[in-house]
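Me: I've got a model open here and I'd like to go through it. Can you take my questions one by one?

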Amino acid sequence: MTAKIIDGNALSTEVRGQLAERAAALTSVGITPCLAVILVGEDPASAVYVRNKVAACEKAGMISLRDVYAADVEPALVFARIAELNADPSVHGILVQLPLPKHFDSEAILESISPEKDVDGFHAENVGALMQGNPRFIPCTPYGVMKMLESAKVPLKGAEVVIVGRSNIVGKPMAMLLLAQSCTVTICHSQSRDLAFHTRRADILVAAVGRAKMITGDMIKPGATVIDVGINRTAEGKLCGDVDFETAKEVAGVITPVPGGVGPMTITMLLANTLEAAERSLK
Ligand SMILES: Nc1nc(=O)c2c([nH]1)NC[C@@H]1CN(c3ccc(C(=O)N[C@@H](CCC(=O)O)C(=O)O)cc3)C=[N+]21
């Protein structure tokens, strides 16, 4: 029997429809949710992501502003633009596309965004709030994963979760969210001894390493839920995840595909956070 697939595109369509209704309700009282996206440099993948985010905003009845800077821009110009967006009451969310060029202090840039507009949830204040179990904005990718687990009715209480990857953007916040749902959480990384020993124990396996097809079927417990956060491009330009889908789907009970899995849900939760920020501005 092959695994049940969680369709991130279908779930996104459903959730974005609900968000569009809330956005329309806000617009009718004079507030249209607005996301400002800042892109530095010409990385083609980043340009595609930013274009997708802007298009998704507009489709959901939200406004998006886009500022694009040359890769060698003076960081002071970007700081100044962020300060302007922080002070603008018509802007509800600010996102600086990562990675930034090497001459940027990324941490300083993220800390300069007003925590009330930090829809990525990357500001230290928002990271701390999430860790204390009192989140202001949940980082979009782990938030999308939680929605996918909920939609597939995957039991969380007491589940053995293994996360492969310890990034600030995915691995760490993912661990905090699953811990808050009473999972038993293990975080593995590049220095972990005997990775397969850990992954084979997982009821829920989250792959967020950034190495194509590194999680194979033999590393998965039969019937497990496998969440693939990886976005890797093959030599032929095709998109593939961190999970070897062909072998994994024969063992897993539930699995997410790439493309059409976590990626679209990341954008959906960015819209959700922007809408939430706009709704808070009413109160
Ligand atoms: N400040 C910041 N916030 C981010 O959330 C952020 C970022 N920087 N930098 C880059 C990563 C990557 N990311 C993706 C979002 C959607 C898809 C997505 O929709 N992927 C589609 C395919 C898109 C395609 O064909 O390329 C899919 O998986 O089906 C992928 C990747 C957000 N990121």
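Reply: A shell of 18 residues surrounds it, and the closest are Leu-98, Pro-259, Gly-260, Gly-263 and Thr-266. A residue is in that shell if its C-beta atom, placed from the backbone, lies within 6 Å of the molecule. Helix H2 (44-59), strand E4 (93-96) and helix H10 (262-280) are the elements that give two or more residues to it. Helices (H or I, at least four residues) and strands (E, at least two) are DSSP runs, numbered from the N terminus.

Reply: Two caveats on provenance. Residues are numbered from 1 along each chain as its sequence is written. This is a predicted model, where local features need pLDDT of at least 70, side-chain atom pairs count only at pLDDT 80 or more, and totals for chains, interfaces and linings use all residues.

Me: Which element gives the most to the shell around the ligand?

Reply: That's H10, with four residues. By class, the shell holds twelve nonpolar, five polar and one charged. Here Ala, Val, Leu, Ile, Met, Phe, Trp, Tyr, Cys and Pro count as nonpolar, Asp, Glu, Lys and Arg as charged, and the others, Gly among them, as polar.

Me: What makes you say where the ligand lies relative to domain 1 and domain 2?

Reply: Both domain 1 (30-114) and domain 2 (140-263) give residues to the shell, so the ligand lies between them. Those bounds come from an automatic or database domain assignment. The C-alpha centres of the two domains are 28 Å apart.

Me: How does UniProt annotate residues 139-281?

Reply: The unreviewed UniProt entry has "domain: Tetrahydrofolate dehydrogenase/cyclohydrolase NAD(P)-binding" there. UniProt positions follow the numbering used here, feature names are shortened, and annotations may be inferred rather than shown by experiment. In the model, that span is 35% helix and 17% strand.

Me: Why is H6 called roughly perpendicular to H10?

Reply: Helix H6 (residues 140-151) packs against H10 at about 105 degrees, with the axes 8 Å apart. Axes are lines fitted to C-alpha atoms, for helices over the stretch in contact, and angles run from 0 to 180 degrees between N-to-C directions. Angles under 35 degrees count as roughly parallel, over 145 as roughly antiparallel, 65 to 115 as roughly perpendicular and the rest as oblique. That's why the pair gets the label roughly perpendicular. The contact of H6 with H10 has eight nonpolar, five polar and one charged residues.

Me: How do you know that the peptide bond joining Leu-98 and Pro-99 is cis?

Reply: Its omega is about 0 degrees. Pro-99 is in the loop between E4 and helix H4 (106-112). The bond from Val-258 to Pro-259 is cis too, with omega near -5 degrees, and Pro-259 lies in the loop between strand E11 (254-255) and H10.

Me: What makes Ser-182 worth a mention?

Reply: Ser-182 has a positive phi of about 65 degrees although it isn't a glycine. Most residues other than glycine have a negative phi. Ser-182 is found in the loop between helix H7 (171-180) and strand E6 (184-188).
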